[in-house]
Amino acid sequence: MPRTALRICPLCEATCGLTLTLEGTTVTGARGDRDDVFSKGFICPKGASFAAVDGDPDRLRTPLVRRDGELREATWAEAFDAVAAGVRPLIERYGPHAVGIVLGNPNVHTVAGALYPPLLVAGIGTRSLFTASTVDQMPKHVSSGLLFGDANAIPVPDLDRTSHLLLIGANPLESNGSLCTAPDFPGRLRSLKARGGTLTVVDPRRTRTARLADRHVGIRPGADALLLAAMAHTLFEEDLTDLGALTDHVEGLDELRAAMADFTPEAVAPACDVEAATIRALARELAAAPTAAVYGRIGSCTVPHGTLGSWLVDVLNILTGNLDRPGGALFPQAATDRTPRPAGPGRGFRLGRWHSRVGRHPEAKGELPLSALAEEIDTATEDGEPIRALLVVAANPVLSAPDGDRLDKALGSLDFMVSVDPYLNETARHADVVLPPPPPSQSPHHDFAFNTLAVRNQVRYNRPAVPLEDGRMAETEILARLVLAVTGMHGADPAAVDDLVIGRTLGKAVTEAHSPVHGRDAEELAALLTGDNGPERRLDLMLRLGPYGDGFGARPDGLTLDRLLGHPHGIDLGPLRPRLPQPLKTRSGRVELLPAPIAGDLPRLRQALRERPAGLVLVGRRHLRSNNSWLHNVPALTGGTNRCTLHIHPEDAERLGLRDGGAVRVKGAGGEVTAPAEITDGVRRGVVSLPHGWGHDRPGTRLAHAATDPGVNVNQLLDGSLLDPLSGNAVLNGIPVSLTPVP
């Protein structure tokens, strides 16, 4: 008889609750969980295809180890023996920085990916850390760090209570939201309009989200920061600023006013192709709304002024008094957040504590730009060793980083490489050892990262829906054993990794005056933790010490793992609440409106007032039935609108002699690709669009369905030289390209 099991969807940031249908240990279907406290039954095509994703026959089932030049199946013991033998000698000979670590986006969708990579980085002691953040969201982390003192203190729009929402560079009807965890984002936007609210979308494409908007502003790609600066100028010029309850928590207002002086709407209008009157109207509408929120996402991050644009999003929320108030933009409070400390000055946020060896790129949030990975491998300098070994966890940088051809060659030159991945993809094919995690139905799920960005405070946890198949290893154990293998503890019990973390965490907690366990015995507290394994005991620890926790008995009605397990559809913790000044960790203890690094980058934005692209520029796009390069091997999620085509405006197509469906050669600074043209007025004149994550045509992969319609790698058009200087984020949008029809 079929049975059902609950599962939070791990396929995008919306974190919708699913009800799985199972035949034995096989997932045969998925529908929305109507009783889920957060998603309330909503489901998108990705979630509906959970069974096909989970049961993809191309998923690796056993480790692969390279022998005589070929990847061959091996036992888990053989695989970890090979890892220890391959990595440890390189660390001992060349030092920890000669081992690079690449962390991909799927890590934030799994329990293992949240709990163990920080231990991997710290255990090796390497500064050669690269993640998907620097091709996506690092500008928002940097701007938040500079404004609030904490790179992870990211305000999110209060979607369910706002009366005015300004979206810039965001298309949540396709992406389901990003850095804003909101199941049924489309429904929440429709509810906004139904209650009389206003939706404004700024985007060079007339996306599905833009078509829903009350006002769509077709900005020139890359000019987001200029538009936002002109709006800030207007608020000052027309005396529309009103900080309200924020007044006592903000410094630098006069300095900010002076810094915005040059960015008049009239000066900005030609550079962003938005009329000055429209810019003023946007500012006035924002200021006049009873409540309002500005939300910027990938389109405003992956541009030359990504950090300035991200900063200005929050500046506008602050100037209109909408930061940290219901209906505006608030700081979520996740159940596994650390025990809230008393408000007061903190350590602040610093950039450039070290630099990359070749390009001298400054670190941001402990990371180096993913765009610099290839040169850090293939270029020798006198300043330290190149990267000789690489640990790649749930990442496919050959497709996600600029100039994949160069990186592809660089990976082939490594002394040793480990890939933790369920597929033999374009990156993993270079590995000496591939460690495949089990499918999601066989893994637990809790959203450590996304609950810190959720539009409503809540907590949910699923144990595995089905037991591990014979021969599989839990992803948590894979990463724990990987930590042991590369830190000189190969062969130790993987439970020791979790025990070490628990001991250290409790040892620190009992010494902190604001902790609910201050002065208690750490070993006695550790004995009280529940859970079937180390990861569950760590989750129990975080829940108990967190803002809603029981404090190991100090608050009897507080959260514990046992209480959470008793609520399989989750526990609602209420709407977002004002929290300032508690989240602030700046040295002043206040919101620092004009930090020095931001002020130092503003001359570059002033220079952009005089810049005009000479020809066509390229932007990316999202597909509802995809997520980066993950899902192109699932037949149910490809085809239809989810195709790798070049969107081009009819007038540009006519001028260049392009026909719908005809092949077009697209050339950029990093190379060229050929894709079919799709003529549409969904892009503005002068702009073309290719989706991200395609290019499944390299030999040596095992992605049978993806290879039937491989598409092209849009990032091959980039040479990796264009970065936002403050964050190191790759510039992926507004890139000059030339087009040639292919006969």
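Here are some worked exercises on the predicted model shown above.

This is a predicted model, in which local features need pLDDT of at least 70 and side-chain atom pairs count only at pLDDT 80 or more, while totals for chains, interfaces and linings use all residues. Residues are numbered from 1 along each chain as its sequence is written, and side-chain values use heavy atoms, with hydrogens and water left out.

**Exercise 1. Find the order of the strands in the open sheet formed by 3 strands, and name its edge strands.**

Step 1. Start with the terms: strands are DSSP runs of E with at least two residues, and helices are runs of H or I with at least four, both numbered from the N terminus. Two strands pair if DSSP finds at least two bridges between them.

Step 2. The order is β1-β2-β3, with antiparallel pairing.

Step 3. β1 (3-8) and β3 (26-32) are the edge strands, as each pairs on one side only.

Step 4. Now look at one pairing: β2 (residues 17-23) is joined to β3 by 6 bridges. Within it, E23 has T26 as its bridge partner.

**Exercise 2. Describe how β24 (residues 671-679) pairs with β22 and with β23.**

Step 1. Recall that strands of a sheet pair through backbone hydrogen bonds, either parallel or antiparallel.

Step 2. With β22 (residues 646-648), β24 pairs in the parallel sense over 3 bridges; here I648 is partnered by I679.

Step 3. With β23 (residues 663-668), β24 runs antiparallel, joined by 6 bridges. A663 stands opposite P676 in this pairing.

**Exercise 3. Work out whether H696 is buried or exposed, and list what it touches.**

Step 1. Locate H696 in the loop between β25 (687-689) and α26 (704-708).

Step 2. Buried means under 20% relative accessible area, exposed over 50%, and partly exposed in between (1.4 Å probe, protein chains only). H696 has a relative accessible area of 4%, so H696 is buried.

Step 3. Contact means heavy atoms within 4.5 Å. Leaving aside residues up to four places away in sequence, H696 touches L399, E426, S629, H632, L703, A706, A707 and P710.

**Exercise 4. Classify the aromatic pair of W76 and F80.**

Step 1. Rings of Phe, Tyr and Trp (its six-membered ring) pair if their centres lie within 6.5 Å; planes under 30 degrees apart count as stacked, over 60 as edge-to-face and the rest as tilted.

Step 2. The structure holds 3 aromatic pairs. For W76 and F80, the values are 6.2 Å centre to centre and 25° between the planes, and the pair is stacked.

Step 3. Both residues belong to helix α3 (residues 76-94), 4 residues apart, or about one turn of the helix. An α-helix has 3.6 residues a turn, so residues three or four places apart point the same way.

Step 4. Check burial too: W76 and F80 are both buried.

**Exercise 5. Which residues of helix α12 (residues 265-272) are buried, and what covers them?**

Step 1. The buried ones are P265, V268, A269, A271 and C272.

Step 2. Their cover includes α10 (224-237), α13 (276-288) and α24 (596-608).

Step 3. Just past the end of α12, D273 has a positive phi of about 60°.
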